Every structure is written in C-alpha cells, then in structure tokens.
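Hi,

Here is the structure I promised to pass on. Have a look at it first, and then read my notes below.

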Amino acid sequence: KAHFFEDKLDVLYFETCALAISSRLPESIERGVEILSKLGIELRGHESSLRVCVQETKDLLSVYTNDEILNTRQMSDPTMTKAMQFLGKLEVMASQTMPKLFPHVTQQIIQLSILHGMSPVSPI
C-alpha cells in the first residue's frame, strides 16, 4: 500500500493516460495539472501569452552557452523524472485541446531540464 504521494505516481500516470485514451482529454489534462500541482509545479493561473512564454524562456536560456545546455547533467531525482513524464504527456494533450496551456507546459519542461537535469522528456 502506498503511503506517500510519490509512491502513487506510476498509478496516477496510467490513470491520466487511461482518461486520455477514453476520449476524456479535458479530464485527463485537469488530473495531470492537479498531480503536478501537488509536486510543486503550478500550471494554473498562467495566463501570459505565447510571446511572454517565449521571452521568459529566452531570458532563462540566455545565461547559458550552447555547450552548457548540451552538457547539462542527467536528471537523478525520481520524482522530478516522473513530473517530466506527466509534463510530456500533458504537452501532447494540451496541444490538441487547450492550446493556451501548451506554451506553459513546454516552458516548465525547459525550466525543469535546466534546473534539475535532462530527462527523456527534455527537448534536447
């Protein structure tokens, strides 16, 4: 029996996938956003435009050289790795049904990759 939220992440991930496969994308997205919020990754309330997201991401990346980005360490925190898996799935679903959420999800993937290391979901 899982005692900690992090112990339930695999089951919760498959639950969100099952919702998506059952043509319940909005419900799956909401569930994913809720789970990420519990992991400290807040996607609610981000109403900034695509232009703002792009500028914020450029600003974040501007302090790193290409070599530094390409040689970023591998993500080792299993909870962050699972969060990235949720974000990757959420990114695909949001692009189809919630386009205003899409840039924020992508921005979070980039930020977490820079701060916590690269994962299979990282864009590099």
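**What I found**

Leu60 is partly exposed, with a relative accessible area of 23%; buried would be under 20%, exposed over 50%, and partly exposed is what lies in between (1.4 Å probe, protein chains only). Before going on, please note that this is a predicted model, in which local features need pLDDT of at least 70 and side-chain atom pairs count only at pLDDT 80 or more, while totals for chains, interfaces and linings use all residues. Residues are numbered from 1 along each chain as its sequence is written, and side-chain values use heavy atoms, with hydrogens and water left out.

Leu60 belongs to helix H3 (residues 50-61). Helices here are DSSP runs of H or I with at least four residues (strands are runs of E with at least two), numbered from the N terminus. Not counting residues up to four places away in sequence, Leu60 touches Ile110, Gln111 and Ile114, where a contact means heavy atoms within 4.5 Å.

Take Gln111 from that list. Gln111 and Leu60 are 51 residues apart along the chain, and their C-alpha atoms are separated by 7.7 Å. For Gln111 and Ala18, 93 residues apart along the chain, the C-alpha separation is 27 Å. Gln111 is part of helix H6 and counts as partly exposed, because its relative accessible area is 26%.

Ser113 is also in H6, which runs over residues 102-116. Is Ser113 buried or exposed? With 2% relative accessibility, Ser113 counts as buried. Leaving aside neighbours within four places in sequence, Ser113 is in contact with Thr72, Met84, Met118, Ser122 and Pro123.

Ser119 sits in the segment after H6. Ser119 is buried too, at a relative accessible area of 10%. Its contacts, again leaving aside neighbours within four places in sequence, are Met75 and Met84.

The expected span is 1.5 Å times one less than the number of residues.

Which residues of H1 are buried? They are Leu9, Leu12, Tyr13, Thr16, Cys17, Leu19 and Ala20. These residues lie on the same side of H1, because they cover an arc of only 160° around the axis. The arc is taken from the directions that lead from the helix axis to the C-beta atoms. As background, an α-helix has 3.6 residues a turn, so residues three or four places apart point the same way.

The buried residues of H1 pack against helix H2 (25-38) and helix H5 (78-97). On the face turned away from the buried side, H1 carries the exposed residues Val11, Phe14 and Ile21.

**Ser23, between H1 and H2**

Ser23 follows H1 and is found in the loop between H1 and H2. Although Ser23 is not a glycine, it has a positive phi of about 60°. Ser23 is exposed, with a relative accessible area of 67%.

**Helix H2**

H2 has 14 residues and reaches 20 Å from its first C-alpha to its last, close to the 20 Å expected at 1.5 Å a residue. Its buried residues are Leu25, Ser28, Ile29, Gly32, Val33, Ile35 and Leu36. They share one side of H2, because their arc around the axis is only 165°. What covers them includes H1 and H5. The face of H2 turned away from its buried side has the exposed residues Pro26 and Lys38. Just after H2 comes Gly40, with a positive phi of about 90°.

**Where H2 meets H5**

How do the two helices cross? The axes of H2 and H5 come within 10 Å and cross at roughly 145°. Axes are lines fitted to C-alpha atoms, for helices over the stretch in contact, and angles run from 0 to 180 degrees between N-to-C directions. The crossing is left-handed, meaning that the near helix is turned anticlockwise from the far one by less than a right angle (clockwise would be right-handed).

From H2, the contact is made by Leu25, Ser28, Ile29, Val33, Ile35 and Leu36, and from H5 by Ala83, Phe86, Leu87, Leu90, Met93, Ala94, Gln96 and Thr97. By class, this contact of H2 with H5 has 11 nonpolar, 3 polar and no charged residues. Here Ala, Val, Leu, Ile, Met, Phe, Trp, Tyr, Cys and Pro count as nonpolar, Asp, Glu, Lys and Arg as charged, and the others, Gly among them, as polar.

Over to you, and happy browsing!
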